[in-house]
Amino acid sequence: MTSFANSVRAGVTGGLIELRQSFTGTALIGQLLWPVATLVAIILLRDTKYGAGNVGLGGFILPSTLGMFAALGMVLIIQYLSADREDGTLLRAKATPNGIRGYLIGKFVTVSGSVLAYLIIILVPGLFIVGGRLDLSRPASWLTLAWVLVLGLVATQAIGAIIGSLISSPRGASYLSFPVIGLITISGIFYPITALPGWLQGIGQVFPIYWLGLGMRSALQPTSAVNIEIGQSWRHLETAGVLGLWVAFGLIVAPIVIRRMTRRESGSKFIERRDQALQRSR
């Protein structure tokens, strides 16, 4: 129990330090880029109308992008794992008692904190941009927001840990941006998914991004906005079920994949990756 508590304490402390560093100095510019770009998109589309209720598209996009940014925690975990394998951070963690556990806890703290910061950066000014198009007066809204966010963070970061364990370099991780953008496109984030062909709607509903966006919309949009959703329903049970399945899959598979990956880590493999990286930079 003592070793577990020590690894948790070390992971949380390290994660908070890394989180603070990622939002200071020049790193802050990179952190603000995508939230600010998202706010610009909301400003440009806030008066565009959709659906029979003539609802502003800005009120649709704002909660949807909150779900999208929660899902992007998966990408952050992948990037951290691949970069830390290449620079030897993961190898050093392996050499420390309970180091891998502390490392993963630290990354969860860093990524979750980053995601929450993104959500605040988008939500606070976004409420002024879209005006009264969102309904925050219902107590149930905040409860829905909380459980959707918790399930989404656990599910996407566990999936990210699985994928990150299978990718050996940051270069490989960067290629994932293309399928992620594709998933965002068909997940009804910037335009209602009901406007897409049925087969694309089916693909989008397999992955967490759509359900995170739907859950956020159900929490923040007025009840009349449900008319443009699939089946004219917020589908809370389906949202909890799909996200819950992804959580279960991630929590079962991630430890297995991570253990196998860390067992393969060695000084010779680190040197080999470093030499390959130096050759590519020449």
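Does phenylalanine 207 count as buried, partly exposed or exposed, and at what relative accessibility? Phenylalanine 207 counts as partly exposed, because its relative accessibility is 28%; the class partly exposed lies between buried, which means under 20% relative accessible area, and exposed, which means over 50% (1.4 Å probe, protein chains only).

The structure is a predicted model, in which local features need pLDDT of at least 70 and side-chain atom pairs count only at pLDDT 80 or more, whereas totals for chains, interfaces and linings use all residues. Residues are numbered from 1 along each chain as its sequence is written, and side-chain values use heavy atoms, with hydrogens and water left out.

**Aromatic pairs**

Rings of Phe, Tyr and Trp (its six-membered ring) pair if their centres lie within 6.5 Å; planes under 30 degrees apart count as stacked, over 60 as edge-to-face and the rest as tilted. By this rule the count comes to 5 aromatic pairs. The pair of phenylalanine 207 and tryptophan 246 is stacked, because the ring centres are 6.3 Å apart and the planes stand at 25 degrees. Phenylalanine 207 sits in the loop between helix 10 (198-204) and helix 11 (208-220), while tryptophan 246 belongs to helix 12 (residues 236-264), so that the pair links parts of the chain 39 residues apart. Helices here are DSSP runs (H or I, at least four residues), numbered from the N terminus. Tryptophan 246 counts as buried, at 18% relative accessibility.

Next, select tyrosine 210 and tryptophan 211. Their ring centres are 4.9 Å apart and their planes at 80 degrees, so this pair is edge-to-face. Tyrosine 210 is buried at 0% relative accessibility, and tryptophan 211 is buried with a relative accessible area of 3%.

Then select Phe23, Phe69 and Tyr118, which ring pairs link into a cluster.

**Salt bridges**

Side chains of opposite charge can pair when their charged atoms come close. A salt bridge is a side-chain nitrogen of Lys or Arg within 4 Å of a carboxyl oxygen of Asp or Glu, and the structure holds 3 salt bridges.

Select glutamate 18 and lysine 107, whose side chains meet in a salt bridge at 2.9 Å, N to O. Glutamate 18 lies in helix 1 (residues 2-22) and lysine 107 in helix 6 (residues 99-130), 89 residues apart. Glutamate 18 is partly exposed, with a relative accessible area of 24%, whereas lysine 107 is buried at 7% relative accessibility.

Aspartate 84 lies in helix 4 (residues 73-86), 23 residues apart from lysine 107, and counts as buried at 8% relative accessibility.

Move to arginine 217 and glutamate 229, whose side chains form a salt bridge of 2.7 Å, N to O. Arginine 217 is in helix 11, and glutamate 229 is in the loop between helix 11 and helix 12, 12 residues apart. Both are buried: arginine 217 has a relative accessible area of 1%, and glutamate 229 is at 4% relative accessibility. Return to Glu18, Asp84 and Lys107 to view one network, joined by salt bridges that share partners.

**A nonpolar patch**

Finally, select Val36, Val40 and Leu44. These residues form a nonpolar patch on the surface, with about 270 Å² of accessible area together (Shrake-Rupley method, 1.4 Å probe). Patches are made of residues with over 30% relative accessible area and no salt bridge: like charges are joined within 9 Å, and nonpolar side chains (Val, Leu, Ile, Met, Phe, Trp, Tyr) within 5 Å. Valine 40 lies in helix 2 (residues 27-45) and counts as partly exposed at 41% relative accessibility.

Terms used: Helices (H or I, at least four residues) and strands (E, at least two) are DSSP runs, numbered from the N terminus.
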